[in-house]
Amino acid sequence: MKKDSVDLKKTITEIFIKISIAVLPLLLALSFLIDSAYRYQVEKSKKNILAEISNKTDVFEKTIQSLFQEVFQDVFIIENANEFEYFIQNQSYKNRMEALGLFSRYMKNKEDYLQLRFIGIEGKELIRVDRINDQVTVTPDEKLQQKKDRPYFINSIRSGKEGIYISNLDLNIEFGKIIEPYVPVIRFSKPVKDSKGKAIGVIVINYDGQRFINSFKDYLGVNRDLIELYLTDNNGYYLSNEDSDKNFGFMFRGESLDYTVKKEIPELWNEIIKNSEKTVEIKDRIFYFKKLMPTFRGSVYFEDKNYYWNILTSIKEQNIPKMFPEQFLFQKNTKFYILFTVFLISSIIITILHLKKKESDQLYLTKMILSYVDEAVLITDSRRNIVGLNEGFTKLTGYSREELLNLNTKIFNYSEIHPKLYEKIKKQLLEGLDWKGELWFRKKDNSKYPVFLTINNIINPKNRSTDYYVSVIRDLSAEKEKAAETEYLLTHNSKTNLPNEFMFYSLINEEIKKENEFGILYIKLKKFDNLQMKYSEDFLDLIYQEIVEKLTSFAGKDGNIAHLSRDVFIAILKLPDEKISMNRSLTELSSRLKSNMKIGDKDINLKFDFGAVFFPEHGNSPKDLLRKAMFSVKALKYYPDRSFLIYQDSLEKKIQRELDIEEHLPLAIKNNELEVYFQPQMDSEKDLLVGAEALLRWNSRVLGSVSPAEFIPIAENIGVINKLGMWVVNEVARLTKILGIDKHKNIKISINLSATDFKNEFLVEEITYILEVHGLDFSQFEIELTEGVLVDDYDYVKPKLDEFQMNGISVAIDDFGTGFSSMTHLKKLKFDKIKIDRSFIKDYPESDNGSIAEIITYLAKKLDITVIAEGAETEEQVEYLRGIGCSRIQGYYYSKPLSSSDFKEYMNSHFMSKKNL
């Protein structure tokens, strides 16, 4: 053994010397060539990148010149428009309205403009049109601001120069404060003079600076992930930086003033000051900058005469190969692999050539290799007599080396363990082919174990016959155990060890194959989140254990249970002979699970929902059955007194209808599917139109006409009710103006608000703002809320109702008599109007004597509250209501809810008839 070790060391030394002499010089030369090629490609790519950026910068500069020239043209067109000239000559109301119309039209056609203003000689805004959320809005007189101290006004009026002034790119300021979220803006201003050449004001266009910045990013968007792109002003402040906190630092105080190129990269700033365009390399980064100084025809002045924009790009040299991977034959990170491959191949060739000369050493190395192989290796001759093996084989089989050498492989009884497979292997090997596959082996103690066997046919090149078979055996015992454990984890719930959803489908498929009727019970534990917050994980495990025991007992020996998710269980049940008895069984299970569970020293009260389906009656696949069981549980909300349901097609259609509404409702506003209808409110004593209730209608492109009774509750559940409410308020305000309702001050428009609306902190401000924007009288509007809102959300409601009334907006309680509002609330809230619910008058006189309507009317009179009745459809009902003192009527007797055009016709016809009287 000692001699063998010495021979091995000698052989390795000889091989190493040959490799050192032949391979190392080759590797050094190859390394130099790779480095040279890499550096050449880096320099070439660097020039290409910088040339591309420079070209794009030139294009962007020309684009900016063209864009600004268009703005200049707009300023001159507005200044010379007839509407504006008439307003300059005579600032009458009519001329001002026409000038406002001119400004509004321009704003609608110019999406890049944020504001269009005319500022008087004293610095006060006289006309201002804003773009807010893509809507063009005329600013009311009371919100016009004083701008005499703003630089663009000073430059335009006090400098005495002719031409257009361009402000620095900064953030928009209103009432002395920076607007949030931040709005970048460039202001173009031009003094306006009268016929005598005297300055009388300034036209100002606020251009959307964010579009300017976005254009900059789009034009110079070259491999944006690897190239850092900045835009700065002439003082080095960032106007566009990936770190948005560093943008417009000059607008703020404190450390923001230090966010400049001058402070962060002083070496680069020194070059920027001295050059208009240059490439600068600092450490491992390559910077390219170019000053953007657009030139214009005519008199154009910047707020800062030395103002310019600086386009700055930064590239890490190490990223250049990533930007042009197809051009880099040799990547830096592949150099090692190339050299290693060359080294390995050269070493192998040298080793093989060396070992061919020393056959004895080759045999020794073969033995050494076999001793270091983890797998078991067995070598046999063509008659399958064992001629060689490694230590791994002895460890795997339990046989010693001495027991096996010169014996035949028949001792392993392969033919008995796998008789058919043995014949197949034997045939394949006789054909000179290799074989590999899984099978079972026996150890010396006769125990079986799985292995992966590879048998290689060693062919003699001279006579093309098999000299040896080399078998490599890998023990699969640990892998099989791990695979079994993994499969168990994949198919069972970790908390309860019950089959999970994946295994559930297999169980159902097995039952379906039997073609026997069976039932599936979907069991949902309610309010699991509360349990999870209240109890520890260990205690939850005890709860699970108790549930599983009761479900197992219920399912019986012929049933199965599964745990699909943290709060969902499934029971697979054998159906009783009469399915009607299933109701009794489910009632029994519900009672058993709902009863208090004694766990430790605690009494736990659990609640469950159950949904049942039957095979094959309700479906033929696991997914279909599970889906319908889930529908049954979801449909329980229609039956609050029940805890279980057996699937019905009608329930699925109802649930599906709700899901369809949930899907399409959020798009209703965008798709212009909503419409406001008006139902007239009449004074029956005077036969006079005194109001109208605004009612929302939805005509879906997909679902058709959808009733508010369907979509309003869903809108509240999915969180879009506030958006719908504000849309209704805005649409009602718009229609009030368009239809001319605002001209009839005696008509009060009622708008319904939900409980969710009252949780909006700025509800009153938003509604009054909308009415104010449309120039409407607040006192012509009324807010309606139901008794349910009053009872559930009194603390939210009362302050807002007081605020509505302080703003002149009256408040009505809708559907009065159907809720549970107390007299105390009714008195404290001081409602302006009570609406008697239609249920108290619709059946008069057939099955209702009208007593409740009379009581409500009496109560309202005593509280000095206006009362109105809904749902009057016949003359007899109207006469009765008038007789008990309720003269205000809303119902089909006078009119059904009308579209805006029909309501306008109704209103005009009504007042025309009154005029003729």
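Predicted model: local features only at pLDDT ≥ 70, side-chain atom pairs only at ≥ 80, totals over all residues.

**Strands and their helices**

To find the pairing on screen, look for Ile 379, whose bridge partner in β17 is Gly 388.

These two strands belong to an open sheet of 5 strands with antiparallel pairing, in the order β17-β16-β20-β19-β18. Because β17 (386-389) and β18 (435-442) each have a single partner strand, they stand at the edges, and one side of each is left without a neighbour in the sheet. On average, neighbouring strands here are turned by 30° against each other, direction ignored.

Two helices pack on this sheet. Helix α14 (residues 419-430) touches β18, β19 (448-459) and β20 (466-475), and its direction makes about 140° with that of β18. Helix α15 (residues 477-491) also touches β18, β19 and β20; for this helix, the angle of about 130° is taken with the direction of β19.

Strand β29 (residues 688-700) runs parallel to strand β31 (residues 748-752), with 3 bridges between them; Gly 691 has Lys 748 of β31 as its bridge partner. In turn, β31 is joined by 4 bridges to strand β32 (residues 781-786), again in parallel, and here Ser 750 stands opposite Glu 782 in β32.

How does the chain get from β31 to β32? The path leads through helix α24 (residues 763-773), forming a β-α-β crossover that is right-handed.

Methods. Residues numbered from 1 in each chain as written. Heavy atoms only, no water. Pairing = 2+ DSSP bridges. Axes fitted to C-alpha atoms, helices over the stretch in contact; angles between N-to-C directions. Contact = heavy atoms within 4.5 Å. Right-handed = clockwise from strand over helix to strand, strands pointing away.
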